[in-house]
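Student: Could you walk me through this one? I'd like to start with helix packing and then move on to the sheets.

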Amino acid sequence: MSGFEIDRRRLLLGASAAPLAASIAGAAQAEVVAKGQPLRGNPQMPEPPAKRMGYAVVGLGSFAIGQVLPGLQAASQSAVTALVSGNPEKARDVGARYGVSRIYDYKNFDKIADDKDIDCVYIALPVGLHAEYTIRALKAGKHVLCEKPMASTVAECEAMVAAAKAANRQLGVAYRVHFEPNNVEALRRLRAGEIGDIRYFSGETGFPANPAYPPVKWRLEKALGGGGSMYDIGIYALNGCLMYVDEPPIAVSAVYTTPAGDPRFTEVEGGVDWRLMFASGITAQGSSSYTFAYTSQQRILGTKGYIALNPATDYSSVGGVIHTDATRPIRAGDSLVQFAAQLDGFSTAARTGQPHRTPGEMGLRDMRIIQAMYKSADNGGATVKL
């Protein structure tokens, strides 16, 4: 048989086998389509609703509705399972929108102890109510994430920390900026030594308080607000300072900057300028006010450059730059994710028993410093040792 005939025979045999091969391949593909592909690798996906940590949100003011509940909706480890409000109509309306049927009020609040679908409680009440409802929630066996500032006094903060230890539950303070991607990136670059050793921090925070606006009105009442602007927007710069400096201050001084005769500030101060001193020689200063235009900016100066965040603590638009040999933007992600990230961070800590990034002890530390600021301001700016 000639070589040509052999090649021709092979060609014919191959041609006759092609339909069979195609048929086998088609059947295999059909089976894959019918059964679907198996899950490969370890992709990051949300927990199924039944396994997420269930939250009762306590207080349905503008912050809870505008930020906390959307954060829970966007979270992957957390879900809202109950609402607590003194306004049953509002609670039912909000619950209908989020698919929540468990509604509590402040009289039957302690019954959450029997609700197995509540693992955690988010306290979104005015400051003056933080301690009471945090302690009650802890006694009910729930983990608690409490809005900042932690409470009205050092004694209240100490009682909250003690209650968490007695209940063997997690207590966190909602310092959301620790989960905001651009602040986290700024901290990473600082820790990496990109601006050298930190030598100075400054932070200015404030907005013009309008007592006719309900979410602001209670902030001007000492019983509910605890204090003035330092308790509210001012705590961002203080807590941010200690996040970046990562060293306990040894002394503080402060002066009040409340405009004379301003009728808004009969119960709380309108503004505070403060200064912190550290054993290493680092200094920090800040200004908090309910009287100047909205401001949220922080600067960290090092031996090789600086980081500037402006705005530093917004809900949705944090931005900044790092300057060494040139000025470059700091942009690591969408600021809106900070709420879901904070909630999932707390859920993970509650589930695993691992330390939370912003624990109750941090809130207690900050309250001790704020009360020392007031002591200094009450005494004409005298230095107070910490």
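Student: How do helix 2 and helix 3 pack, in angle and axis distance?

Tutor: Helix 2 (residues 62-74) and helix 3 (residues 88-98) pack at about 30°, with 12 Å between their axes. Helices here are DSSP runs of H or I with at least four residues, strands are runs of E with at least two, and both are numbered from the N terminus. Axes are lines fitted to C-alpha atoms, for helices over the stretch in contact, and angles run from 0 to 180 degrees between N-to-C directions. This is a predicted model, in which local features need pLDDT of at least 70 and side-chain atom pairs count only at pLDDT 80 or more, while totals for chains, interfaces and linings use all residues. Residues are numbered from 1 along each chain as its sequence is written, and side-chain values use heavy atoms, with hydrogens and water left out.

Student: What is the handedness of the crossing of helix 2 and helix 3, and which residues make the contact?

Tutor: The crossing is right-handed, meaning that the near helix is turned clockwise from the far one by less than a right angle. Helix 2 contributes Ile65, Leu69, Pro70 and Gln73, and helix 3 contributes Lys90, Val94 and Tyr98, where contact means heavy atoms within 4.5 Å.

Student: On to the sheets. What is the strand order in the open sheet of 6 strands?

Tutor: The order is 3-2-1-4-5-6, with parallel pairing; two strands pair if DSSP finds at least two bridges between them. Strand 3 (102-104) and strand 6 (171-173) are the edge strands, each pairing on one side only. Ignoring direction, neighbouring strands of this sheet are turned by 30° against each other on average. Strand 5 (residues 143-146) is joined to strand 6 by 3 bridges, and Leu145 stands opposite Gly172 in strand 6.

Student: And what about the open sheet of 9 strands?

Tutor: That sheet has mixed pairing and the order 14-13-12-11-7-10-9-8-15. Strand 14 (327-330) and strand 15 (384-385) each have a single partner strand, so one side of each is left without a neighbour in the sheet. Helix 6 (residues 181-191) packs on this sheet, touching strands 7, 11, 12, 13 and 14, and its direction makes about 135° with that of strand 14. Helix 11 (residues 360-378) lies across strand 8, strand 9 and strand 15, at about 50° to strand 8.

Student: Which residues of helix 6 are buried?

Tutor: Pro181, Asn182, Asn183, Glu185, Ala186, Arg189 and Leu190 are buried, that is, under 20% relative accessible area, with exposed meaning over 50% and partly exposed in between (1.4 Å probe, protein chains only). After helix 6 comes Gly193, which has a positive phi near 85°.

Student: Helix 10 next. Is Gln338 buried or exposed, and what does its side chain reach?

Tutor: Gln338, which is found in helix 10 (residues 337-352), is buried because its relative accessibility is 0%. Its side chain reaches the backbone oxygen of Tyr315 at 2.9 Å, a polar contact being a pair of N or O atoms within 3.5 Å, where within protein one must be able to donate a hydrogen and the other to accept it, and residues adjacent in sequence count only if both atoms are side-chain atoms.

Student: Where does Gln342 lie, and what does it contact?

Tutor: Gln342 lies in helix 10 and is buried, at 2% relative accessible area. A polar atom of its side chain lies 3.4 Å from the backbone nitrogen of Tyr175. Leaving aside neighbours within four places in sequence, the residues in contact with Gln342 include Tyr122, Leu145 and His356.
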